[in-house]
Amino acid sequence: FCGEAKLEHALTETTTITDKPAVEAGSDNTFAANDLSIEVRINAAFALSAAVGVRYNSAPPLGRKSTDTLTTVHLVYSY
């Protein structure tokens with residue numbers, strides 16, 4: 001089984017929230033991920049974005065945790 005989605009919602013004219021869940025499941029391992037972000041437009045060229053990502057692996061390599069997280073903040077330039 002494999003599936004993913006991209007869900008976006010405009011909270012205001014300048015603010016968008018995005019969620020990207022994904023799952024890959026097999027007989028030996030299951031991988032699940034979710035990326036949640038918010039982007040706020042400053043003007044026509046610049047935006048600020050903050051995100052958190054979570055990754056889960058039911059059978060990680062020996063000595064590794066099954067869940068990882070990543071938090072990011074970006075200055076976005078559009079041209």
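Analyst: Two strands are taken to pair if DSSP finds at least two bridges between them, and the strands themselves are DSSP runs labelled E of at least two residues, numbered from the N terminus. This is a predicted model, in which local features need pLDDT of at least 70 and side-chain atom pairs count only at pLDDT 80 or more, whereas totals for chains, interfaces and linings use all residues. Residues are numbered from 1 along each chain as its sequence is written, and side-chain values use heavy atoms, with hydrogens and water left out.

On that basis, strands β5 and β6 run antiparallel and are joined by eleven bridges, and one example is Ala47, whose bridge partner in β6 is Val76. Accessibility is described here by relative accessible area, computed with a 1.4 Å probe on protein chains only: under 20% is buried, over 50% is exposed, and anything in between is partly exposed. In strand β5 (residues 46-57) lies Ser49, and Ser49 counts as buried because its relative accessible area is 12%. With contact meaning heavy atoms within 4.5 Å, and with residues up to four places away in sequence not counted, Ser49 touches Ile38, Glu39, Thr72, Val73, His74 and Val76.

The aromatic rings come next. Rings of Phe, Tyr and Trp (for Trp, its six-membered ring) pair if their centres lie within 6.5 Å, and planes under 30 degrees apart count as stacked, over 60 as edge-to-face and the rest as tilted. By this rule there are two aromatic pairs. Phe46 and Tyr77 make a tilted pair, with 5.3 Å from centre to centre and 50° between the planes; this pair links distant parts of the chain, as Phe46 belongs to strand β5 and Tyr77 to strand β6, 31 residues apart. The pair of Tyr77 and Tyr79 is stacked, because the ring centres are 5.9 Å apart and the planes stand at 25°. Phe46, Tyr77 and Tyr79 together form one aromatic cluster. Within it, Phe46 is partly exposed, with a relative accessible area of 32%, while Tyr77 and Tyr79 are both exposed.

For a reference point elsewhere in the chain, Cys2 sits in strand β1 (residues 2-4), and the C-alpha atoms of Cys2 and Tyr79, 77 residues apart along the chain, are separated by 35 Å.

Methods:
Helix = DSSP H or I, 4+ residues; strand = E, 2+ residues; numbered from the N terminus.
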